[in-house]
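Biologist: I am new to this structure and would like to learn how to read a few of its features. Could we take them one at a time?

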Amino acid sequence: MRFSSFTYLVGQGLHNMRANRLMTFASMGVQIVCMILVGAALLFGMNIDAMVDYIGEQNESYVYLVDGLSDEQITAAGDAIKAVPGVVSVTYISPTDVLTEFDGMLQNYTNLMDTFSEDNPFHSMYKVVVDDVSNIDAIIEQLRVIENVESVSATRELSKLFVSIQRVVNYVSYGLVAVLALVSIVVINNTIRLTVFARRKEIGIMKLVGATNGFIRFPFFVEGVTSGLISAAVSSGVVCSAYYALYRWYLENPSNLSNLLGGTLVPLESVWYYIVIGFVAFGFVMCGIGTATSIRKHLNV
């Protein structure tokens, strides 16, 4: 295609958008609403997934050591715990540390430091955090066979609950995205078909005077791509601006809920490019190719 023909057809596509403003705005409106709904569902799923991951990371296990160990034996046990696959954090807690913590909690009632100054009843222990709570059972079995380990305490049921919640949230959130995307495809395709149907006589005349199928399709393709990219830009601006405002409000209004959720939402800078690239791809593919293919039956004159 010559450059002059290309610029002419692009100009025709843009002219068609102006000449059919009502249908163009209607199509873009549907696209924007659908993209915003899909973007909101994606952001919701990402944040729920991050929240469950954060809660799961707080699920700590405690490895209790036998009494009477030397410093070298305690250190060796700690090194063995760190070597277990899946363990990401190991913190040593001495009997004195445990006694001090309980003494602070009960200082209004008794003085535990004085009571147990000669005979501390607590064990040396390691606090262990794993990378994936779904593997907690296998990790615990490996911790139990380490030399000088007396027992391992872990809230397995809570770990399994976290994994179940994460799985359900993933299914629901991404299933919702799939449903909204399907609805968007159907609605946008029907809107495009209405636009093409309203101009079927124009297509027929162009075909009768000898215009090729590609020549007829290209202005519609330009029209569809342009409206799709404009819709993507508007949707990206709306979704990112709204999410940024929510993110700022969340940070500036700390609460017990924010502590539970990990103190913050997923930052906008970590997700904005997913939104923008997804919207641009969606607008280009659905609107551009959808417009071009929707006129196929009207080319048979």
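Modeller: We can start with the aromatic residues. W272, Y273 and Y274 form one aromatic cluster. Keep in mind that this is a predicted model.

Biologist: How many aromatic pairs does the structure hold?

Modeller: The structure holds three aromatic pairs. In the pair of W272 and Y273, the ring centres are 5.8 Å apart and the planes stand at 80°, so this pair is edge-to-face. Y273 also pairs with Y274, with 4.7 Å from centre to centre and 40° between the planes, and that pair is tilted.

Biologist: What describes a pair of aromatic rings?

Modeller: The distance of the centres and the angle of the planes describe such a pair. For W272 and Y273, the angle of 80° makes the pair edge-to-face because planes over 60 degrees apart count as such.

Biologist: Is S236 buried or exposed?

Modeller: S236 has a relative accessibility of 8% and therefore counts as buried, since the limit for buried is under 20%. Its place is in helix α9, which covers residues 213-252.

Biologist: Which residues is S236 in contact with, leaving aside its neighbours within four places in sequence?

Modeller: With those neighbours left aside, S236 is in contact with S241, I275, V276 and F279.

Biologist: Now the helices. At roughly what angle do the axes of α8 and α9 cross?

Modeller: The axes of α8, residues 200-208, and α9 cross at roughly 150° and come within 9 Å. Angles over 145 degrees count as roughly antiparallel, so α8 and α9 are roughly antiparallel to each other. The crossing of α8 past α9 is right-handed.

Biologist: Which residues make the contact?

Modeller: From α8 they are I203, M206 and K207. From α9 they are N213, F215, I216 and F220.

Biologist: How do the residues of this contact divide into nonpolar, polar and charged?

Modeller: In the contact of α8 with α9, five residues are nonpolar, one is polar and one is charged.

Methods. Residues are numbered from 1 along each chain as its sequence is written. This is a predicted model: local features need pLDDT of at least 70, side-chain atom pairs count only at pLDDT 80 or more; totals for chains, interfaces and linings use all residues. Side-chain values use heavy atoms; hydrogens and water are left out. Helices (H or I, at least four residues) and strands (E, at least two) are DSSP runs, numbered from the N terminus. Buried means under 20% relative accessible area, exposed over 50%, partly exposed in between (1.4 Å probe, protein chains only). Contact means heavy atoms within 4.5 Å. Rings of Phe, Tyr and Trp (its six-membered ring) pair if their centres lie within 6.5 Å; planes under 30 degrees apart count as stacked, over 60 as edge-to-face and the rest as tilted. Axes are lines fitted to C-alpha atoms, for helices over the stretch in contact, and angles run from 0 to 180 degrees between N-to-C directions. Angles under 35 degrees count as roughly parallel, over 145 as roughly antiparallel, 65 to 115 as roughly perpendicular and the rest as oblique. A crossing is left-handed if the near helix is turned anticlockwise from the far one by less than a right angle, and right-handed if clockwise. Ala, Val, Leu, Ile, Met, Phe, Trp, Tyr, Cys and Pro count as nonpolar, Asp, Glu, Lys and Arg as charged, and the others, Gly among them, as polar.
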